Amino acid sequence: MALSGRKSAGKPAKVAKKTTKTDAAEKTKKKKPTRSYKTYIHRLMKKSSHDNKITTKGMVIVNSFVTDLFERLAAEASRLNAHAGTKTLSSAAVIAAVKLQLPSEMAKQALTQGAKAVGQYTKTMAAQQKSSGKKKSGKKASK
């Protein structure tokens, strides 16, 4: 084998790759969406009093508080599930996590509001299923 003047005689030379528009698009990373509760905070503020306003800095602080609380509750519920040896997150684990993470009066209020929200959701879903069931049975009867 004849020696060439290159230092890396055994390695093949690197070929420059042409970049295309699709390669450039693949290289740019998509911005990961961040979870924000800002719209819900505004809704709650509007619901309590129409003339309440909040600064941008105040909204960032409240959003950070809500995000932290959600993460703490989710982590505690996950630990309780792991301790129980189950893989599915149950309502009992969430209730226990709320009782462990929040002060007593706040936990009672949160559980009351949560039960109320679940009841309203169940009622709404039942009404939707009834109305969709009537439409289907009406179509079958007309044929």
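**Figure 1. Helix α3 contributes the largest share of the lining of the largest pocket, eight residues.** The model shown here and in the other views is predicted. The largest pocket has a volume of about 980 Å³. Its lining comprises 21 residues, and those closest to the pocket centre are L44, V66, L69, A110 and Q113. Two or more lining residues come from each of α2 (38-48), α3, α4 (91-101) and α5 (104-142). Sorted by class, the lining of the largest pocket holds 19 nonpolar residues, one polar residue and one charged residue.

**Figure 2. The second largest pocket is lined by residues that include S91, V94 and I95.** The volume of this second largest pocket is about 240 Å³. V98, A110, L111, G114, A115 and V118 also belong to its lining. Helices α4 and α5 each provide at least two of the lining residues, and the largest share, five residues, is that of α5. Seven residues of the lining are nonpolar and two are polar, with no charged residue. A110 lines the second largest pocket and is also among the residues closest to the centre of the largest pocket.

**Figure 3. Helices α2 and α3 pack at an angle of about 105°.** Two packed helices are described by the angle between their axes and the distance between the axes. For α2 and α3, the axes lie 10 Å apart. Because an angle of 65 to 115 degrees counts as roughly perpendicular, α2 is roughly perpendicular to α3. On the α2 side the contact is formed by K38, I41 and H42, and on the α3 side by M59, V62 and N63. The residues of this contact comprise three nonpolar, two polar and one charged.

**Figure 4. M59 is a buried residue of helix α3.** The relative accessible area of M59 is 5%, and since buried means under 20%, M59 falls in that class. Apart from neighbours within four places in sequence, M59 touches K38, I41, H42 and I54. Of these partners, K38, I41 and H42 are the α2 residues of the contact between α2 and α3. M59 and H42 are 17 residues apart along the chain, and their C-alpha atoms are separated by 9.0 Å.

**Figure 5. N81 is located in helix α3, which spans residues 56-84.** With a relative accessibility of 7%, N81 counts as buried. When neighbours within four places in sequence are set aside, the contacts of N81 are with T86, K87, T88, L89, S90 and A93.

**Figure 6. The protein as a whole has five helices and zero strands.** Read from the N terminus, the order of elements is α-α-α-α-α. The protein has 143 residues, and 11% of them are buried; M59 and N81 are both in the buried class.

How values were computed. Residues are numbered from 1 along each chain as its sequence is written. This is a predicted model: local features need pLDDT of at least 70, side-chain atom pairs count only at pLDDT 80 or more; totals for chains, interfaces and linings use all residues. Side-chain values use heavy atoms; hydrogens and water are left out. Helices (H or I, at least four residues) and strands (E, at least two) are DSSP runs, numbered from the N terminus. Buried means under 20% relative accessible area, exposed over 50%, partly exposed in between (1.4 Å probe, protein chains only). Contact means heavy atoms within 4.5 Å. On a 1 Å grid over the protein atoms alone, a cavity is a set of points where a 1.4 Å probe fits but cannot get out, and a pocket is an open set with protein on both sides within 12 Å along at least five of seven lines; lining residues have an atom within 4 Å of a point. Grid points are joined across faces, edges and corners, and a volume is the space filled by probe spheres set on the points. Ala, Val, Leu, Ile, Met, Phe, Trp, Tyr, Cys and Pro count as nonpolar, Asp, Glu, Lys and Arg as charged, and the others, Gly among them, as polar. Axes are lines fitted to C-alpha atoms, for helices over the stretch in contact, and angles run from 0 to 180 degrees between N-to-C directions. Angles under 35 degrees count as roughly parallel, over 145 as roughly antiparallel, 65 to 115 as roughly perpendicular and the rest as oblique.
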